[in-house]
Amino acid sequence: MSRDPAALHYADTHEWVDLDSDGIATVGISSFAIEQLNDLVYMDLPEVGTILELGQEFGEVESVKAVSPLYSPVAGEIIEVHSELPDQLEKLNDDPYDFGWILKVKTSGEAPSQLMDHPTYQKQCAEAG
Amino acid sequence: MNAPDTTSELLKTPLDQWHRDQGGVMVPFAGYEMPVRYDSIVAEHTACRTSAALFDVSHMGRLRFDGDGSEELLDHLLTRRVRDLAIGGVRYATMCNAEGGVLDDVLVSHLETPSSRRYHLLVVNASNRQKILRWIEPHLADFPTVTMTDRTDLTAMIAVQGPMAIEIIGRLFKTDISRLGYYQATITEQFSKPVIVSRTGYTGEDGVELIVRAEEAKRVWENVMLCGRDAGFAAAGLGARDTLRMEAAMPLYGHEINESINPLEAGLGFACNLKDRSFIGDESLRAIKDSGPTRRRVGLLVEGKRPAREGCPVLVGDQIVGEITSGGPSPTLGVPIAMALIQREHDAVENFEIDIRGKRVAAKQTSLPFYKRK
């Protein structure tokens, strides 16, 4: 199954969210963010069971040039972490929305109102240039 | 991710439009808008190590000294001897304050124009240009025959660095630049226009740095790109410039050196001629040399994939013994590398730990540079 970027929710900090009918949010980072970061070398991920607040820093991704914190676009408990991802960061470039998922979070089921739909997010990216 | 900083009131180099046209990602650096990369930093880094890379280094300050006494003035200001610098010679030096702290690290060249006019050229860091101009200004009064001219805005500077650089671009110049020795410079012509060619660089590779008039910059840049197209030349940004200089263990001002770090602890003793000379900072540096510097710059290979960055504490057991000055992934070695200033009593330790934002990572000391060309 392949995830459609146009159907996802986005945080202004470039994380994407796929919220299913059971309230499980799958979280990743957008292709725009990956392109901006460029040449990823390291990703630090949290533990399963961690309770995240909305906007809380949950890890970091590091490129050749800089470290960027990752912020949770949802609130809830981490139920799964994509632990193979940090060793295969090169795949994130080609497949940010399927292979590139980072966390699964058990949420209340409501998408936070701060999140943007795809057209709004694309507009933000275009403005960021 | 955080949003990138917005840029305002920044200076542009004569190659600014070229960078934008080629998709350069522009970032503020030392008051200029500069390309950090065009595509991939790693690809640009690799082009430099295997073929050649072009860097716009027009932001670096270029100060010209004319008139009798120029070499005496510079000799007084620099930690390295300038009086015996022959025509065509280039030297790396530091400029220090009276305490021996580094105000800047520079290249000084002694050049002769086709009309036999001789002058000295000082290339300073972009971030330090105004400070250095202010530092030198009062000393000019003691050397009334010397004039200092800031040539930065009138000229552009292009570095062409890599194993294929000299061979491929040699044909562009009126004189045979392959006969130029390492750390030598000459004024020649490219397409009937004057160009300073200096066999120097900041990547650990062979290559040249070219200084041309600002209005010639785009033409020269494009000529070099065209000349090297089949050989795999690539334009490279500040990102690759940083990973390349780190592998070559070259200091970056504000990191390995600053006003509270002296050149001896930074491993730049070779750039300090302390015998039989008088220059600003000489007494302090002699005293530091006699007692031995209290810290030393060392190289570290960091375990795992996570780079240790500037500011990370370096530990032996639970004791902080130093701090990372620069660090990042090494595209050539495939592991993270770092340089650190370590207290003297611990500078021979083999196994350190680095505190990377709360997590301890092992690091092994290694000799510098991390990379040396064959």
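Me: Let's start with B:Ile257: is this residue buried or exposed?

Reply: B:Ile257 is buried, because 27 other C-beta atoms lie within 10 Å. The general idea is to count neighbours: a residue is buried if 20 or more other C-beta atoms lie within 10 Å of its own, exposed if 12 or fewer, and partly exposed in between, with C-beta atoms placed from the backbone. Keep in mind that this is a predicted model, in which local features need pLDDT of at least 70, side-chain atom pairs count only at pLDDT 80 or more, and totals for chains, interfaces and linings use all residues. As for names, residues are numbered from 1 along each chain as its sequence is written, while chains are lettered from A and ligands numbered from 1 in the order in which they are written.

Me: Where does B:Ile257 lie, and what does B:Ile257 touch?

Reply: For touching, the idea is that two residues are in contact if their C-beta atoms, placed from the backbone, lie within 7 Å. Not counting residues up to four places away in sequence, B:Ile257 touches B:Val102, B:Asp105, B:Pro251 and B:Ala266. It sits in the loop between α7 (238–247) and α8 (282–291) of chain B. Helices (H or I, at least four residues) and strands (E, at least two) are DSSP runs, numbered from the N terminus.

Me: How many helices and strands does chain B have?

Reply: Chain B has 8 helices and 19 strands. Its radius of gyration is 21 Å, close to the 21 Å that the globule rule gives for 374 residues, so chain B is as compact as a globular protein of that length. That radius is taken over C-alpha atoms, and the rule is 2.2 Å times the number of residues to the power 0.38. Of those 374 residues, 48% count as buried.

Me: How do I read a sheet, and which strands make up the open sheet of chain B?

Reply: Strands of a sheet pair through backbone hydrogen bonds, either parallel or antiparallel. Here, two strands pair if DSSP finds at least two bridges between them. The open sheet has 6 strands in the order β10-β11-β12-β9-β3-β13 (chain B), with mixed pairing. β10 (185–190) and β13 (234–235) are at the edges with a single partner strand each, so one side of each has no neighbour in the sheet. In chain B, β3 (residues 53–56) runs parallel to β13(B), joined by 2 bridges, and B:Leu54 stands opposite B:Ala235. Packed on this sheet is α2(B), which touches β3, β9 (155–161) and β13 of chain B; its direction makes about 115 degrees with that of β3(B). Axes for such angles are lines fitted to C-alpha atoms, for helices over the stretch in contact, and angles run from 0 to 180 degrees between N-to-C directions.

Me: What about a barrel: which strands of chain B form one?

Reply: The closed barrel has 6 strands, β14-β17-β16-β15-β18-β19 (chain B), with antiparallel pairing. From one strand to the next, the twist averages 45 degrees. To zoom in, β16(B) and β17 (residues 336–343) of chain B pair over 7 bridges, and B:Ile324 stands opposite B:Ala340 there.

Me: And a hairpin: how many residues lie between β1(B) and β2(B)?

Reply: There are 2 residues between them, and B:Ala30 in the turn has a positive phi of about 50 degrees. The two strands run antiparallel, joined by 5 bridges. B:Phe29 has B:Tyr32 as its bridge partner.

Me: Why is α7(B) called largely enclosed?

Reply: Because 9 of its 10 residues are buried, α7(B) is largely enclosed by the rest of the structure. Among the elements covering those buried residues are β1, β2, α2, β3, β16 and β17 of chain B. After the helix comes B:Ala249, whose phi is positive, near 60 degrees.

Me: Finally, how many residues of chain B are in contact with chain A?

Reply: 16 residues of chain B are in contact with 13 residues of chain A. On the chain B side, the elements giving two or more residues are β2 (32–37), α2 (41–50), α7 and β16 (319–329). That side divides into 7 nonpolar, 5 polar and 4 charged residues. Ala, Val, Leu, Ile, Met, Phe, Trp, Tyr, Cys and Pro count as nonpolar, Asp, Glu, Lys and Arg as charged, and the others, Gly among them, as polar.
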